[in-house]
Amino acid sequence: MALEQKQKTASGLDANVAGALAYALGWITGVGFLLTEPENRFVRFHAVQSTIVFGALSMLCILLQSIPLLGMLLAVFLVIPASAVLWLILMFKAYQGELFKLPVVGDAAERNI
């Protein structure tokens, strides 16, 4: 995998930069890189992982906010801060060139690249 991280991607970026950017806007940039990066497995892995993780967290936030008061409090004080921390960790790991797999989601991402 180390060779793929040093190669340029379809976008012309280094793979580690593209991998980190796959997390930049959550599932939106994940889907964007999935559509535009046909070959680099490192970038595609991070794009799939970003799409799954942040898509699920977005749906969880929407679902929680439909529950009066308690749901909104959980979304604002638990889900959003946890998402922000996870977002920073995943971007950092991808930028470092690491194929950092989250439990369950990382395996699903690896199967779907």
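How far apart are the end C-alpha atoms of helix α4 (residues 41-65)?

1. The model is predicted, so that local features need pLDDT of at least 70 and side-chain atom pairs count only at pLDDT 80 or more, while totals for chains, interfaces and linings use all residues. Residues are numbered from 1 along each chain as its sequence is written, and side-chain values use heavy atoms, with hydrogens and water left out.

2. The chain holds six helices and zero strands, where helices (H or I, at least four residues) and strands (E, at least two) are DSSP runs numbered from the N terminus.

3. As for the opening question, the end C-alpha atoms of α4 are 36 Å apart, which agrees with the 36 Å that its 25 residues should span at 1.5 Å a residue, the expected span being 1.5 Å times one less than the number of residues. Asn 40 caps the N-terminal end of α4, with a side-chain oxygen 3.0 Å from the backbone nitrogen of Phe 42.

4. Thr 9 lies in the loop between α1 (2-6) and α2 (15-21), and it counts as buried because its relative accessibility is 9% (buried means under 20% relative accessible area, exposed over 50%, partly exposed in between, with a 1.4 Å probe and protein chains only). Leaving aside neighbours within four places in sequence, Thr 9 is in contact (heavy atoms within 4.5 Å) with residues including Glu 37, Asn 40 and Val 43.

5. Of the 113 residues of the chain, 37% count as buried, and the C-alpha atoms fill a box of roughly 50 × 25 × 25 Å, taken along the principal axes.

Technical notes
A polar contact is a pair of N or O atoms within 3.5 Å; within protein, one must be able to donate a hydrogen and the other to accept it, and residues adjacent in sequence count only if both atoms are side-chain atoms.
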